[in-house]
Amino acid sequence: MRRKFVAGNWKMNGSANSIRELLQGIREGAAEVAAVELAVFPSFVYLGLVEQQLSDSSIGWGAQNLSEHASGAHTGEVAGSMLQDFHCDYVIVGHSERRTLYGETDEIVARKFATARKIGLKPILCVGETLQEREQGVTEAVVERQIKAVLDLEGISGFADAVIAYEPVWAIGTGRTATAGQAQEVHAFIRAKLAQLDSALASQVRILYGGSMKAANAAELLAMPDIDGGLIGGASLEAKEFLAIAKAGC
Ligand code: PEP
């Protein structure tokens with residue numbers, strides 16, 4: 001049985017004050033959605049604050065990115081061991097904004113995934129096609145290629161504690177959500193691909209949907225058999241909305 005997981009990717013948003021307020025709101029409603037695992041992903045600089053605010057709660061936290069390197073001359077980068085100092089549970093790797101705006105290739109993303117696992121951080125691997133790729137009918141090929149890069153490096157066992165987020169790029173921050181049917185189709189494809197290598201593991205891996213998910217469309221998406229939760233951007237910046245998404249998964 002896969003426990004539903006609702007994760008808030010705050011991206012480059014928030015301030016110390018707004019984060020305190022947001023977390024207070026989430027904490028107040030968390031007991032009501034206890035069936036669902038919750039986690040938030042602030043900017044690096046707020047990880048200490050988030051840890052302080054959440055360490056006595058059931059809500060988890062993680063980072064939006066990490067360096068593929070362990071330490072050294074990498075100005076501006078953040079190592080996985082530094083995230084561990086803030087007791088992160090998870091780290092997002094390969095978000096489409098990292099891939100498109102910061103040039104992260106499938107291989108770089110795979111190395112980040114491996115670096116996270118090596119030190120016991122659970123990676124959330126983001127995959128997904130652009131609008132052009134969907135229109136060309138290559139959605140499955142793109143997602144398969146992105147996952148294969150990780151499989152080549154880590155093998156199927158690399159996915160044992162990992163989470164996958166299917167995030168069609170055309171649905172991220174656009175207000176345009178994949179239909180439940182469109183999302184389910186890709187989630188089922190991903191699970192089937194993993195099942196070809198290890199069916200028991202594939203049935204355990206949580207596959208989240210991301211892309212303009214909000215309270216109004218969450219119930220339909222979360223009712224799909226292979227959609228195990230959501231990676232939420234914009235709608236995670238409001239406690240009420242974030243909790244309403246989680247409630248839809250209860
Ligand atoms: C995201 O950035 O992971 C995301 C899904 O964003 P949004 O919910 O705003 O589309």
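A polar contact here is a pair of N or O atoms within 3.5 Å; within protein, one must be able to donate a hydrogen and the other to accept it, and residues adjacent in sequence count only if both atoms are side-chain atoms. This is a predicted model: local features need pLDDT of at least 70, side-chain atom pairs count only at pLDDT 80 or more, and totals for chains, interfaces and linings use all residues. Residues are numbered from 1 along each chain as its sequence is written, and side-chain values use heavy atoms, with hydrogens and water left out.

Asparagine 9 lies in strand S1 (residues 5–9). Helices (H or I, at least four residues) and strands (E, at least two) are DSSP runs, numbered from the N terminus. Asparagine 9 is buried at 5% relative accessibility. Buried means under 20% relative accessible area, exposed over 50%, and partly exposed in between (1.4 Å probe, protein chains only). A polar atom of the asparagine 9 side chain lies 3.0 Å from the backbone nitrogen of lysine 11. The side chain of asparagine 9 also makes a polar contact of 3.5 Å with that of histidine 95.

**The ligand site**

The ligand has 14 residues around it. Which come nearest? They are Lys11, His95, Glu167, Gly173 and Ser212. A residue counts as near if one of its heavy atoms lies within 4 Å of the molecule.

| Residue | Protein atom | Distance to a ligand oxygen |
|---|---|---|
| Histidine 95 | side-chain N or O | 2.7 Å |
| Glutamate 167 | side-chain N or O | 2.7 Å |
| Glycine 233 | backbone N or O | 2.8 Å |

Taken alone, the ligand exposes 300 Å², and the protein buries 95% of that. These accessible areas come from the Shrake-Rupley method with a 1.4 Å probe.

**Two positive phi values**

Most residues other than glycine have a negative phi. Serine 212 has a positive phi, near 55 degrees. It sits in the loop between strand S7 (206–209) and helix H10 (215–222). Serine 212 is buried, with a relative accessible area of 17%. Histidine 87 also has a positive phi, of about 55 degrees, although it is not a glycine. Histidine 87 is in the loop between H3 and S4.

Cysteine 88 is in the loop between helix H3 (80–85) and strand S4 (90–93). Its relative accessible area is 9%, so cysteine 88 is buried.

**Around helix H5**

Glutamate 104 lies in the loop between helix H4 (96–101) and H5. It is buried, with a relative accessible area of 6%. Its side chain joins that of lysine 112 in a polar contact of 2.7 Å.

Rings of Phe, Tyr and Trp (its six-membered ring) pair if their centres lie within 6.5 Å; planes under 30 degrees apart count as stacked, over 60 as edge-to-face and the rest as tilted. How many aromatic pairs does this rule give? The count is three. In one, the rings of phenylalanine 113 and phenylalanine 159 have centres 5.3 Å apart and planes at 50 degrees, so the pair is tilted. The pair links distant parts of the chain, 46 residues apart. Phenylalanine 113 is in helix H5 (residues 106–118), and phenylalanine 159 is in the loop between helix H7 (139–154) and strand S6 (163–166). Phenylalanine 113 is buried at 0% relative accessible area. Phenylalanine 159 is buried too, at 0% relative accessibility.
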